[in-house]
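Welcome! Here is a short briefing to read alongside the sequence and the 3D view.

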Amino acid sequence: MRVGGKLVPNGYVAKPSSAWGTANTKRHFFEVDWNFIDGLTLRVDREAVFTGLPTPGFVPQVGDWFGFGARTGSGYEEISLDNITIVTDGVLGRSTASSPYFSSLETPPLGTAAMAFDGDVTSKWVAAAASGHIGASFPTSRTTRIYTLTSGGDLPARDPKNWSFETSVDGTNWISGGTATSQYFQTRNEQRAFVVPS
């Protein structure tokens with residue numbers, strides 16, 4: 001990895017234990033977070049590859065750019081990069097949902113609304129219907145910039161394809177955070193990120 005044109009850490013990044021292996025078509029969720037004081041953090045499928053890596057001498061400037069690249073083990077392999085989200089005007093942090101949770105339908109005990117917000121990619125909400133809604137409470141002091149959805153571990157037919165994302169302070173007046181149509185998940189337990197329009 002390069003930051004400000006310099007290789008860090010020493011030009012080598014260890015492969016996480018969630019290694020993708022040979023001929024694996026699973027999409028992986030990469031998170032890169034840079035903080036002026038705390039340094040650079042890289043996570044793959046929520047597993048930290050490194051945390052707080054110092055980036056001495058790097059001061060972001062107007063005109064800086066992001067570059068993404070990958071290397072394969074042979075000349076005949078293919079790597080795809082997609083669903084890339086870049087946020088440059090603030091510090092992102094995870095918001096933790098809390099009760100009350102609500103949904104139009106759910107399938108207890110293994111598909112409740114609370115499971116959609118528990119941070120565990122192996123649990124899920126199951127509505128057992130062609131459409132439905134789900135929600136939870138979040139800190140009102142935070143602004144939502146990005147949200148993620150994760151496919152279930154079993155039936156692709158249950159994956160969400162079309163949805164709207166909305167927020168409310170009082171539960172009565174709702175603000176649109178954007179819509180998504182004709183979306184798809186390539187693999188099971190795949191996490192994807194979506195930007196909330198400003």
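**A first look**

Strand E9 and strand E10 (residues 174-180) pair in the antiparallel sense over 5 bridges; two strands count as paired if DSSP finds at least two bridges between them. This is a predicted model, in which local features need pLDDT of at least 70 and side-chain atom pairs count only at pLDDT 80 or more, while totals for chains, interfaces and linings use all residues. Residues are numbered from 1 along each chain as its sequence is written, and side-chain values use heavy atoms, with hydrogens and water left out.

**The chain as a whole**

- Among contacts with a separation of 6 or more, 50% come from residues 24 or more positions apart; a contact means heavy atoms within 4.5 Å.

**The E9–E10 hairpin**

- E9 and E10 form a hairpin with 5 residues between them, and glycine 171 in the turn has a positive phi of about 80°.
- Serine 168 has tryptophan 174, in E10, as its bridge partner.

**Aromatic pairs**

- The structure holds 5 aromatic pairs; rings of Phe, Tyr and Trp (its six-membered ring) pair if their centres lie within 6.5 Å, and planes under 30 degrees apart count as stacked, over 60 as edge-to-face and the rest as tilted.
- One of them is the stacked pair of tyrosine 101 and phenylalanine 117, at 6.0 Å centre to centre with 20° between the planes.
- That pair links distant parts of the chain, 16 residues apart: tyrosine 101 is in strand E6 (residues 98-103), and phenylalanine 117 is in the loop between E6 and strand E7 (134-137).
- Tyrosine 101 is partly exposed, at a relative accessible area of 29%, and phenylalanine 117 is partly exposed too, at 24%.
- Tyrosine 147 and phenylalanine 165 also form a stacked pair, 4.1 Å centre to centre and with 5° between the planes.
- Tyrosine 147 lies in strand E8 (residues 146-150) and phenylalanine 165 in strand E9 (residues 163-168), so this pair ties together parts 18 residues apart in sequence.

- In soluble globular proteins, nonpolar side chains tend to be buried together.

**Around aspartate 159**

- Aspartate 159 sits in the loop between E8 and E9 and counts as buried, at 9% relative accessibility.
- Its side chain makes a polar contact with the side chain of arginine 188 at 2.6 Å; the term covers a pair of N or O atoms within 3.5 Å where, within protein, one must be able to donate a hydrogen and the other to accept it, and residues adjacent in sequence count only if both atoms are side-chain atoms.
- Not counting residues up to four places away in sequence, aspartate 159 touches Ser151, Gly152, Phe185 and Arg188.

Technical notes: Helix = DSSP H or I, 4+ residues; strand = E, 2+ residues; numbered from the N terminus. Buried < 20%, exposed > 50% of the residue type's maximum accessible area, 1.4 Å probe, protein only.
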